[in-house]
Amino acid sequence: MNDLLSLLLGALLVLNLLLASASRLRHCIKLVAIQGVLLGLLSLACAQSSGGHNWQFLLVMILSLLIKGGLLPYLLLYTMRRISVRRELEPVVGYSLSLVIILALTGGAFWLSSITPTAVAHGASPLVLPAALSTISTGLFLMVTRRKAITQVIGFLVFENGISIFGTGMMIHNGLLVELGLLLDIFALVFIMGLAVFNINRSFQHIDTHSLNALGD
Amino acid sequence: MPQNPFFWWAGLITALLLAPLLPGVINKTKACFVGRQGPSLLQPYYNLHKLFRKDCIRSSTSCGPLAWAPGLELSALLLALLFLPYANQLSPFAFTGDAFLFAYLLGLGRFALVIGAMDTGSSFEGMGASREVQFAALTEGAFFAVIGFLAFASRSLNLSEMLSCPLPANVPTVIAAVILAAGIAFIVMLVENSRVPFDDPETHLELTMIHEAMILDYSGPDLGFILYSAALKLWLMTALVVLMLLPGDLASAPVLFILHLLGVLLGGIVIGAVEAVSARFRFLKLPQFLLGALCTALIALALTVIGTGGGR
Amino acid sequence: MLALLMVLLPLLFAAAAPILRKRPLALYSLLPVAGLSLCLVLAADLFCPERDLFSLYLGGTPILAADAISRFFLQLTAGLFLAVSVHAFFWLPATREHSSHRVPGTRTMHRYLFVLFLLAFVSMMNLSILSAHFGLLWVAVEATTLASAPLILYHCSEGSLEAMWKYLLLCSIGIGLALFGILLLAFAGKISSCPPASLGFADLSAPGVSFHPVWFKIGFVFCLAGFGTKMGLVPFHSWLPDAHSEAPAPVSALLSGALLNCCLLAVMRTLRLAPAEVLPFCRTMLTILGLLSVLVAAFLIIRQKDFKRMLAYSSIEHLGLCALLLCYCQTALTTHVIAHSVSKMMLFLLAGNILLAYDTRSISKVTGMFSTLPRTACLWLIGLFAICGTPPSPLFVTEYLLVTSLPPLLAILLLVLLFIVFAGMATACLSMTMGTPAPGSHERQAAQAAAEQLTIVPGAAALGILILGYITTLWMKQLL
């Protein structure tokens with residue numbers, strides 16, 4: 001099962017690079033959906049290698065697979081169609097440079113996890129920490145450098161997925177109630193953000209967040 | 001793993017003999033995908049036969065390279081062929097560091113083509129040469145990252161050992177890395193051989209050509225040399241990808257020999273399938289794509305370094 | 001069971017709000033919920049203080065529980081909620097009536113939606129105070145963001161959209177970091193010599209449980225950044241002035257008075273887990289953030305042109321002070337929190353009245369409040385003196401205690417900063433209350449009369465602060 005685990009983590013690492021260079025929103029959303037599915041499989045692989053899984057765990061896994069791999073991407077696609085925005089034009093940082101920056105961030109993640117050796121000694125895959133850190137930083141990077149409100153939502157999902165990679169990879173069990181709460185929160189967040197994007201689009205006739213700077217000191 | 005030089009020599013001779021078959025396989029696959037019958041599998045052999053019977057016409061503005069470039073390219077590729085471990089048998093010519101010689105022999109072949117193309121003085125060929133060099137510069141990074149990955153995974157700088165060593169069984173991350181690196185090597189192969197998402201070997205529009213634009217002025221046996229070296233290069237790179245995916249301790253030498261051969265032919269079918277279902281990328285998109293390939297290859301490298309304990 | 005009731009009661013009424021949408025009854029449901037919640041928490045403390053009424057177990061582990069500090073926060077939240085809902089009951093119709101000044105084309109949120117989100121917001125705040133599990137705490141704090149974000153959009157203007165977007169995005173990122181921090185803390189426990197049984201607070205702080213110090217530090221930094229974002233600590237504060245100034249007055253009052261406290265509680269809970277060897281590190285981090293907050297808030301207050309933003313920066317300043325109190329003088333923390341919450345709530349409600357009467361948030365355009373809005377002006381000045389910590393205010397006592405327990409250099413710096421805050425706020429408030437009213441202000445006489453009617457709740461709050469000030473002065477006499 002360890003092979004499957006490292007395959008999944010490697011795929012998640014490459015997914016970050018793809019996300020950095022994707023300019024079509026539909027493509028971005030598809031990548032996030034794939035990330036959600038990989039995350040579900042990751043929790044399965046982790047449970048398999050640790051041997052502890054029961055119906056509660058399976059329930060959470062299936063729900064998270066459905067929500068992160070299906071429902072949220074569908075919501076995003078729906079929003080995208082309704083406000084008819086297809087591409088992220090003129091990102092703050094160009095796509096090639098984004099790639100290099102994400103690569104540098106991934107390198108940084110590998111370096112950071114190499115100087116904290118305790119993670120490996122406790123049965124977790126050595127790739128979990130780099131994969132989680134690099135996904136988290138990719139999400140933050142997307143939120144900072146993309147202009148469209150909807151891409152920022154995508155960036156947030158990537159960020160959230162990165163945190164979940166850490167949680168599942170390190171096999172930290174929160175219990176059924178908390179896991180369900182987490183999923184519900186993320187779902188509600190994307191839902192409300194989608195509504196906000198609608199409203200921004202109606203008030204400003206576009207969803208360029210760089211014009212949202214009237215307030216401030 | 002018992003060494004059997006016989007299978008290595010058999011592999012080399014197969015490569016020399018069957019190389020023109022590979023473009024035939026690709027074309028046949030493409031034809032099947034679109035529902036045509038397509039040219040015969042042996043069509044490349046007929047073409048070569050036809051070209052070698054003809055006379056050579058060379059441009060009067062040429063000052064020499066046009067004449068010797070095809071020979072130089074072919075000999076560079078023939079030399080490079082000597083370093084691959086066919087059927088996972090170590091090459092008798094292998095030495096430490098031959099991976100770099102291998103890479104630079106490929107580079108020398110490209111140099112010969114480019115200098116020949118520049119020599120004609122035609123603007124189309126100059127343009128093709130310029131593009132070839134630009135993309136080669138971007139691809140080489142990814143190629144060297146793959147070589148670096150292989151070197152790290154096998155702890156060797158010897159191409160034969162790199163490609164034929166068994167996988168370190170206790171390092172799970174290496175499997176992920178091998179798959180990543182083989183994917184990148186496949187992409188490098190497509191770029192180096194001017195296959196579809198990067199260049200269209202069948203285009204008739206000089207403005208969009210890369211490789212084909214460089215050889216517009218060749219004719220007769222010269223063109224035959226170039227076509228044969230292109231086929232050899234295709235075989236060489238496909239074999240590289242196949243060898244990366246074939247662990248050396250999988251089976252005995254004869255079985256490996258068959259597997260290797262089947263793998264290369266299967267590679268031809270995969271290339272044909274990729275060509276049939278995808279369209280050529282825009283030129284502007286290519287550098288970004290190649291950069292992505294380089295980054296992915298570096299991640300594969302990082303996976304191996306982590307998995308094997310960072311060389312400590 | 002009581003804990004479950006505190007969470008479910010507002011939630012049930014929130015769910016019922018859409019049923020009442022056709023009738024003008026929607027607003028009425030706020031009052032019974034608020035009144036009932038306050039009665040329940042007070043009764044629990046008055047009549048059976050020794051019985052554990054708040055614990056709720058699921059499968060043997062506590063899900064909800066209340067210790068002394070969370071009971072205090074619960075009572076404070078319930079009290080504020082009651083005050084705010086009484087105010088909102090009169091304020092909402094008044095603003096709707098006098099909202100001719102709104103830009104045409106912008107709509108106001110439907111009243112039942114307002115009630116729905118407000119009740120959900122309060123329910124989630126109660127959950128975050130009562131949760132006995134670190135993960136559940138996170139879920140609740142994130143849910144408060146989600147429930148309160150639509151409330152900012154009450155007047156659907158471009159400014160409020162921008163504020164809401166920033167609030168949603170920045171707080172969600174911050175809370176995401178906190179989740180990462182919680183997972184890191186869990187990991188720090190998992191790899192230690194004596195791992196905790198679960199992420200419940202009881203298990204985490206059980207005797208003998210240890211954490212890996214390096215990972216605990218990393219986790220604490222992330223938790224602090226995350227909950228600090230929601231607390232409005234500098235440098236994670238940039239959403240706070242926008243959200244608090246764009247939200248309608250009752251919502252600003254709750255955001256500032258109650259929500260910030262919930263996040264303070266989360267930071268407190270995290271700090272309590274710190275093993276002895278990393279405690280100095282955690283306190284240093286908290287002190288740095290607290291001082292930075294006071295510093296930045298002080299300098300932004302003196303150049304502020306918008307009175308609601310000024311109040312928002314004052315909240316940042318006070319949460320910074322709370323962070324310092326948490327490190328140096330925990331005995332005064334609860335007094336500070338309650339005094340700040342009540343006076344800030346009063347000030348935000350008054351700011352809503354001024355906005356209603358003058359139709360502007362600009363300090364320079366509001367003049368002569370003593371002649372146009374005498375009651376509001378008096379309360380506004382009382383609020384100013386209370387929040388700045390001038391002697392009858394309980395904040396004077398807590399700030400005095402803080403300054404005396406700080407190292408001398410920090411104490412001097414803090415005193416200077418507090419003086420700057422006082423100067424900045426006093427200049428603004430005095431220029432608003434004194435002078436002659438601007439020439440155009442007679443046209444809004446109806447709105448001004450309506451605003452003067454809305455001073456019952458702020459007046460009661462002022463009275464409460466004075467009483468509290470008297471009590472704390474007695475307490476200080478004892479201490480000295």
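Among the contacts in chain B that link residues at least 6 apart in sequence, 79% join residues at least 24 apart, where two residues count as being in contact if their C-beta atoms, placed from the backbone, lie within 7 Å. The model is a predicted one, in which local features need pLDDT of at least 70 and side-chain atom pairs count only at pLDDT 80 or more, while totals for chains, interfaces and linings use all residues. Residues are numbered from 1 along each chain as its sequence is written, and chains are lettered from A and ligands numbered from 1 in the order in which they are written.

The secondary structure of chain B consists of 12 helices and zero strands, with helices (H or I, at least four residues) and strands (E, at least two) taken as DSSP runs numbered from the N terminus. The radius of gyration of chain B, taken over C-alpha atoms, is 19 Å, close to the 20 Å given for 312 residues by the globule rule (2.2 Å times the number of residues to the power 0.38), so chain B is as compact as a globular protein of that length. Along its principal axes, the C-alpha trace of chain B spans about 60 × 45 × 40 Å.

Between the two chains, 20 residues of chain A are in contact with 18 residues of chain B. On the side of chain A that touches chain B, helix 1 (2-21) and helix 4 (95-114) of chain A each supply at least two residues, and helix 1 of chain A gives the most, with 10 residues.
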